Each structure stands twice: as C-alpha cells, then as structure tokens.
Amino acid sequence: MSYDLSAFKVLIKKIFPPKKCVFTLDTTGNGKADSVQIRALNVIIPFVVPENIEIGDFNIKTFDMNDIDISNYAKIYLDNELLNFSKDNVNLDTIQERIMIYHGGELFTLNNILEGKFSGRTIALGDKVSIILKLDESSLTKLIKGKHTFKIESDLFNGIEINFELDKNNMNLRFDPNNT
C-alpha cells in the first residue's frame, strides 16, 4: 500500500523549515564539517514513540541489521542525484556508528533504537528531534551554500521532498548536543 503525501507539502515545510532543518556540523572540534544534522520540529500534536514501529513490510522488532539494504525500502536523492544506499555500498558497522538521534539532549544510537530504548518517549508539541549522520568528505562537498532538496521515494509513500537552504548560519557549526 502506498500513501500519497503530496497534500502534506505545507506541513512538511513546517516540520522541516528550509533554513532551520539541515546543518553541517563539526563534531570533532577540528574546524571541519564531518556530519549533517537533519532536524524535525513537532508542529502537529504530542505523541509517544511506539514500542513497535511497523510500516508496510518493515517491523523494527524483526529488523535484522545484518541484512539491511536501504535501497530495498526507498530511493533517496540529494538535488536529483540518487544516493547509493545499497547493501553492497554501505558498511553495516559504519551505519551503526554514524547514525545518531538526539531528543531532549539525549543521544540514541541506531542500536539503542533497535533495542527499544527510544520507544515510550513523549515527543511534545514544539520538541525537536535531530538525526546526526557522520558523512565522508566527498558526500559533504555536495552540501554547498545555496538551496537543496532531499527527496525520498518508496513503495510506502510517494515523493517526500525536504527543501532546505545552507548559508553561513547553518554550515560548519560546532556540534552542541544541547542545541539539537
């Protein structure tokens, strides 16, 4: 079953405000960006993260990290360029170490989420949830000053687009876990 989310374009723009949703970050303190932060703002209603997340054939409780192939679930584009997240191109150990979620100043690794440590949390109205992705240098060079678009295509939902703009206010910022 596919969900058409095109009617939610305005809502997506409020959840991901273009100049306040994507940042390049320096998480090591060496003065160079090494990560990207994608921040979502809860503008809908307070909710509790469910214990079991099921979307189509995806179920977090039966999810096998050793058999992950993101390209089977979705195609992700940056500025109309397909990003390769196939199993052959992505190192599973790297994914586990490079994906972090912050909520309320607390860090959750991908393993924490799979273990259920993120479930049960209340995401209040106005709360921010940030995904921090450590990227290689070649990926970061694509995130230059100007307007950009992340687009996600999947059998589960049609074309989510997150438009964002990078400028001196959201590029190469020193990482602050209290401001996630």
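Which residue in E12 does Tyr-102 stand opposite? I put this at the head of the page, and I note at once that what I am reading is a predicted model. I found that Tyr-102 stands opposite Ser-130 in E12. The strands concerned are E9, residues 99–103, and E12, residues 128–134, which I see paired in the antiparallel sense over five bridges.

**Entry on Asp-34**

Between two strands of that sheet I stopped at Asp-34, which lies in the loop between E2 (22–26) and E3. Is Asp-34 buried or exposed? I read a relative accessible area of 15% for Asp-34, and since buried means under 20%, Asp-34 counts as buried. Its side chain is joined to that of Thr-27 by a polar contact of 2.6 Å. Leaving out residues up to four places away in sequence, I listed the neighbours that Asp-34 touches as Leu-25, Asp-26, Thr-27, Thr-28, Leu-133, Lys-134, Leu-135 and Leu-140.

**Entry on the four-stranded sheet**

I turned next to an open sheet of four strands, which I traced in the order E8-E7-E13-E15 with antiparallel pairing. E8 (81–83) and E15 (160–166) stand at the edges with a single partner strand each, so one side of each is left without a neighbour in the sheet. From one strand to the next the twist averages 25°.

I checked the pairings strand by strand. E7, residues 74–78, is joined to E13 by five bridges, the two running antiparallel, and I found Ser-154 in E13 as the bridge partner of Ala-74. Between E13 (residues 146–154) and E15, also antiparallel, I noted seven bridges. Along that pairing, Gly-146 stands opposite Leu-166 in E15, while Thr-149 has Asn-163 of E15 as its bridge partner.

Which elements each supply at least two residues of the largest nonpolar core? The core itself has 15 residues, and those with the most contacts inside it are Phe-16, Cys-21, Val-22, Leu-143, Phe-150, Ile-162 and Phe-164. I found that helix H1 (9–15), strand E3 (35–41) and E15 each supply at least two of its residues, and that E15 gives the most, with four. Apart from this core I recorded another of seven residues, among them Phe-108, Ile-113, Phe-118 and Ile-123.

With residues up to four places away in sequence not counted, Phe-150 touches Val-22, Ile-38, Tyr-77, Leu-78, Ile-160, Glu-161, Ile-162 and Phe-164. Ile-162, for its part, is found in strand E15 and counts as buried because its relative accessibility is 9%. For Ile-162 and Thr-149 I noted a separation of 13 residues in sequence and 5.6 Å in space, taken C-alpha to C-alpha.

**Entry on salt bridges**

How many salt bridges does the structure hold? I recorded five, and wrote out three of them, as follows.

The side chains of Lys-142 and Glu-81 meet at 3.1 Å, N to O. This pair links distant parts of the chain, with Lys-142 in the loop between helix H4 (137–140) and E13, and Glu-81 in strand E8, 61 residues apart. Both ends are partly exposed by my reading, Lys-142 having a relative accessible area of 34% and Glu-81 one of 39%.

Lys-151 and Glu-153 form a salt bridge through their side chains at 3.3 Å, N to O. Here Lys-151 is partly exposed at a relative accessible area of 23%, and Glu-153 is partly exposed at 29%.

The side chains of Glu-115 and Lys-117 also meet in a salt bridge, at 3.3 Å, N to O, and I noted that both residues of this pair, Glu-115 and Lys-117, are exposed.

Methods
Residues are numbered from 1 along each chain as its sequence is written. This is a predicted model: local features need pLDDT of at least 70, side-chain atom pairs count only at pLDDT 80 or more; totals for chains, interfaces and linings use all residues. Side-chain values use heavy atoms; hydrogens and water are left out. Two strands pair if DSSP finds at least two bridges between them. Axes are lines fitted to C-alpha atoms, for helices over the stretch in contact, and angles run from 0 to 180 degrees between N-to-C directions. A nonpolar core is a set of buried Ala, Val, Leu, Ile, Met, Phe, Trp, Tyr and Cys residues joined through side-chain atoms within 4.5 Å. Buried means under 20% relative accessible area, exposed over 50%, partly exposed in between (1.4 Å probe, protein chains only). Contact means heavy atoms within 4.5 Å. A polar contact is a pair of N or O atoms within 3.5 Å; within protein, one must be able to donate a hydrogen and the other to accept it, and residues adjacent in sequence count only if both atoms are side-chain atoms. A salt bridge is a side-chain nitrogen of Lys or Arg within 4 Å of a carboxyl oxygen of Asp or Glu.
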